[in-house]
Amino acid sequence: MTKGKCFSKMDNTEKELRICHMYPDLLNLYGDRGNVLSLIRRAELRGIKVRLVPVSIGDDFDEDDFDIVFLGGGQDAEQNVIRRDFVEVKGPKVKEAIENGMVFLCICGGYQMLGKYYQEHDGTKIECLNAIDIYTVGEDVRYIQDTIYEADFLKEDGVSDSSVLYGFENHSGRTYLGPSVKPMAKVIEGAGNNGKDGYEGAIYKNVYCTYSHGSFLPKNPRMTDHLLRIALKRRYGEDYELPVLSTESEDFARAALLKYKEKGNTAP
Amino acid sequence: MASIRFHIAVFSAKCTHLALRLMGRGATTLPGKVAVKIDPKILQKLCKDRDCVTITGTNGKTTTTHMITDIFRNCGYTVVTNVSGANLLSGVTTSMIFGMKDMKKAEKEGKKIICVLETDEAAYGKIACQIMPKVSVVTNLFRDQLDRFGELAHTRELIAKGLDSCEAQILLNSDDSLVSELYKGREGRTVFYGLSEESMHYNNVTYPDKSGVLPASSDAEYCTECKTKYTYTARSFGHLGAFSCEKCGKKRKSPRFFVKYDLSKNPSDEGYELSLLDAGAGKTEKDFEADTANTAGSQGVSGLIEKRVKLPIPGMHNFYNSIAAVSACVCMGEKIGDTEGLSFDKCAAALEHVEAAFGRMEKISIGDKKICVLLVKNPVGLDRALSFVAGASDAEGIYMLLNSNIADGKDVSWIWDVDFESKEFPEKVYVSGDRYGDMMLRIVYSGVDRSRIIAKPMEECAELLDQAISDSTPGKCLYILPNYTSMLALRSILVKRYHLKDFWK
């Protein structure tokens, strides 16, 4: 039996987590579904019941139905399909949910869409949701690489790498943050938001945004737990304590990744 | 008449080849590169007046190329083809240069010649006008290494550009909404092939799916015309299936060539039987629907030809590869006026003699143990391979290797796009490759107990292979799923440690 399984009988059986997976049929690039799998896994191993609801084009979004919202990135063609639905139809309700403190995790395209606008290479400005004070400018050079960040809010006593986040970025947009938005982390390796200011991602209220694709949450179990914790505290009150759960498998993967990076890789 | 430039280019390519072989290296692309430098139009000259088939798309190219080659050879043709992976301008040119000798010989003997060329989907747009194929097969479009090629819509545009630069008969997969759309503006020269709708798995595509987790990430859920979500009455896998758009009316085209198989049978079984059908030139499956409903075993019913074959390479994705290959050969026969020698019956029958290419489901004996290597390069390939292994009755162990070199794609996050959750894993699980941690975690997150998995870094992959082979029981099979560069490493380990033949040829 794995360590993880030992915790599955913890008295959380009454607890429930409702995940809203926005546009899963369109925004599903670069392994973004791994983030949803992570939320499900680390909740279920704690005995928390998970309800996963897809909300796509034409579906209603009601913040009372959810504890956490996940919004991934997509190919350009797909992002154009959803922009109207997201900005014009769901927009007002999403904004309200954000202001009310709903927990969001937004990756890459989803991150950009929450901002004021996306300026294309030719100067055309595409209006976005304007839910958080950021804007993005598309440029020619694409940042494609493994990344390492440091997020202070994840610091845990006694765990040396608790605040280290591993990621993989793949974006040509450069995002700039306004004064009401904090960066999510400091860049240790990689380009981050714009390749200039040394920061990655954004936090506004309970909205967490990052350019880190794919296996972002699987590789960062403390980030997963952080999101679960604030979502469940919001639902069950500040007294709610997220049960301890082993991170052994995830730490094994993190150590392997670190070793690989230290080795350096220049093979074709 | 060939120019002096041409001869110098060919000569230089041969020298390069010799030098590389003397150094003990594979020489599948560099000679062509040298030749193209000297004579940029060399491929055009090499392919002039030849009967060429090209195969492009994201998945199944190598197997389909291999099948087409074997069918032509079985039907008495001399075939020039390219080595797997050598499918860019340089690789295709290399193969054509070194095929010259065979072609000359065949010409002397009065034998018929065919060139079967696998072409990279991103390179096709540029090289189709040089090859000028008579028949061009597009297999499918699935997300690949997106960090390298950009996006699928872009890849399709490149293929379209290639199709417009030649006059080939176009063979399209009817079940792939991204591919089948390429018929537009090319109606007169397009032929469709696919799976009969009744033989597709009726997947429930609800969300979350049966096992309560997530469906795999899909590439084409929305109509490219009007952005409405497709309705599927049936699916085979991924976004392949019987799709239709309720708003604009776009829907799957009925294929001329199609496969029927018994849904109750396990497509992982070796020697699995299926039916290949040809509705005949200008007709499609739809024209026979009334007939097939009334007549059991519609052999010969008003022109519909059915051929039952035992497929030596199992796996449901090979149904597509098989029918694509047979269609290509039959259509070439029609183009060059050899409908007798390349009849549907003969082409379909020749499939039974096809052998698997290395890394594509070939079972290899090592002493009394067996291994089977399944190369996986992208999400749908991995999905098919895992599904195949889950269904294989002899699967006892699985060994997965994941690298992230440039040729593999630097980003390994695509493993999270694959629906591991619904696949049963064999009892013993081994993991290696530079990204062994990522792969181990992916498997654990799908519900496999951590204690069942042995994960080792790439440096120890050979020892882990030894262990996996020694752990396995005679009669059972160890399935090995490497990605591209880890397969190259594995191949040389198998040659050095297990004295298997050199697969370079």
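On the face of α8(A) that is turned away from its buried side lie the exposed residues A:Ala255, A:Glu262 and A:Lys263. In this predicted model, the buried residues of the helix are A:Ser249, A:Glu250, A:Ala253, A:Arg254, A:Ala256, A:Leu257 and A:Tyr260. Seen down the axis of α8(A), these buried residues fall within an arc of 160°, and they therefore line one face of the helix. An α-helix has 3.6 residues a turn, so residues three or four places apart point the same way. The buried residues of α8(A) pack against β8 (164–177), α6 (216–219) and α7 (221–236) of chain A, and also against α14 (436–445) of chain B. The length of the helix was examined as well: at 1.5 Å a residue, the 16 residues of α8 (residues 248–263) of chain A should span 22 Å, and the 23 Å between its end C-alpha atoms agrees with this expectation. After α8(A) comes A:Gly264, which has a positive phi, near 80°.

Chain A as a whole contains 8 helices and 12 strands. Its C-alpha trace spans about 55 × 50 × 35 Å along the principal axes, and its radius of gyration of 18 Å agrees with the value near 18 Å that a compact globule of 268 residues would have. Of these 268 residues, 51% count as buried. Among contacts in chain A between residues at least 6 apart in sequence, 71% join residues at least 24 apart.

Between the two chains, 36 residues of chain B are in contact with 37 residues of chain A. On the side of chain B that touches chain A, the elements giving two or more residues are α8 (152–164) and α14 of chain B, of which α14(B) gives the most, with 7 residues. The residues of this side of chain B divide into 17 nonpolar, 7 polar and 12 charged. The element α14 of chain B is also one of those against which the buried residues of α8(A) pack.

Within chain B, a division is made into domain 1 (41–77 + 112–353) and domain 2 (360–498), whose centres, taken over C-alpha atoms, are separated by 28 Å. Contact between these domains of chain B involves 25 residues of domain 1 and 19 residues of domain 2. The elements that give two or more residues to the side of domain 1 that touches domain 2 are α4 (61–74) and α7 (146–149) of chain B, and the residues of that side comprise 8 nonpolar, 12 polar and 5 charged.

Technical notes
Residues numbered from 1 in each chain as written. Chains lettered and ligands numbered in written order. Predicted model: local features only at pLDDT ≥ 70, side-chain atom pairs only at ≥ 80, totals over all residues. Helix = DSSP H or I, 4+ residues; strand = E, 2+ residues; numbered from the N terminus. Expected span 1.5 Å × (residues − 1). Buried ≥ 20, exposed ≤ 12 C-beta atoms within 10 Å, placed from the backbone. Arc of directions from axis to C-beta. Contact = placed C-beta atoms within 7 Å. Domains from an automatic or database assignment. Nonpolar A, V, L, I, M, F, W, Y, C, P; charged D, E, K, R; others polar. Rg over C-alpha atoms; globule rule 2.2 N^0.38 Å.
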